[in-house]
Amino acid sequence: MRFLLFVLSLAATSLALAVQPIGGTVYRDSTGVYLSVNTDQKCKVFTVETKSEDAAMSVRKLSTGDTLTASGLLDTETCIASIESVDYVGLKKLLGYWYTQEGIITVSDFNSLSFYPINMKDFQNGKDLSQIDPITYRYSLTPSDGKEWVLFLSDSTSTLFATIFFNKNNATMRIYDSENGDIVKTLRLSKWGKLK
């Protein structure tokens, strides 16, 4: 019995050691989904294979140019990325300028965004964004059930939990109270343009 437990424990350990963090840029076409990974390996691009329904659902929501950080295994012999779970994503469609009733949001990369508390009327009347102190957030996106994404926003004092749903050139962001889960604020975002 001890020998069987030892063998099972050894097998579980070797499987756990095989799973590693994987990060890269997603490409998709009519034949499948691919991952470009910065490695010195022979594979320039890995074919993505998902190993769970959650991972498959998360990968289906990604577009060309998005990034992902996942747990899985890169097989450099077959050039296959076996994805166990998708941990974080960077969405290309989030990049750019957005405006809301409460201000302007600039998303310059997959890690940080700035919120400028200015109404659109003042901005259109010539008030310059450089005259306004933005609130800068570090952010991370994770997959969620359905079409929403989970968004964590951190500034120097706190971390906010939100969800974001995209619809063409618009998005809806719901910010939640971390204590009780109630919706604190709903922001309707309209895409204003891409960053230059």
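Predicted model: local features only at pLDDT ≥ 70, side-chain atom pairs only at ≥ 80, totals over all residues.
Me: What makes the pair of cysteine 43 and cysteine 79 a disulfide?
Reply: The cut-off asks for cysteine sulfur atoms within 2.5 Å, and the sulfur atoms of cysteine 43 and cysteine 79 are 2.0 Å apart, so the pair meets the definition of a disulfide. By this rule the count comes to one disulfide.

Me: Why is the disulfide of cysteine 43 and cysteine 79 given a handedness, and which one?
Reply: The torsion about its S-S bond is about -85°, and therefore the disulfide is left-handed.

Me: Which parts of the chain does the pair of cysteine 43 and cysteine 79 tie together?
Reply: Cysteine 43 lies in the loop between strand S2 (32–36) and strand S3 (45–50), whereas cysteine 79 lies in the loop between strand S4 (67–75) and strand S5 (80–90), so the pair ties together parts that are 36 residues apart in sequence.

Me: How do you know whether cysteine 43 is buried or exposed?
Reply: Its relative accessible area is 3%, and buried means under 20%, so cysteine 43 is buried.

Me: Why are strand S11 and strand S12 said to pair, and in which sense?
Reply: Pairing requires at least two bridges, and S11 (residues 159–167) and S12 have seven bridges in the antiparallel sense, so the two strands pair. Asparagine 167 stands opposite asparagine 170 in S12. The hairpin of S11 and S12 has two residues between the strands, and in this hairpin lysine 168 takes a positive phi near 55°.

Me: How many of the residues of strand S12 are buried?
Reply: Strand S12 (residues 170–176) is mostly covered, with five of its seven residues buried.

Me: Which residues have the most contacts inside the largest nonpolar core?
Reply: They are Leu94, Leu141, Ile164 and Met173, in a core of 39 residues. Strand S5 gives the most to this core, with four residues. In soluble globular proteins, nonpolar side chains tend to be buried together.

Me: Which residues does methionine 173 touch, once those up to four places away in sequence are not counted?
Reply: Methionine 173 touches Leu151, Leu153, Ala162, Thr163, Ile164, Lys185, Thr186, Leu187 and Leu189, where a contact means heavy atoms within 4.5 Å.

Definitions and conventions
Residues numbered from 1 in each chain as written. Heavy atoms only, no water. Buried < 20%, exposed > 50% of the residue type's maximum accessible area, 1.4 Å probe, protein only. Core = buried A, V, L, I, M, F, W, Y, C linked by side-chain atoms within 4.5 Å.
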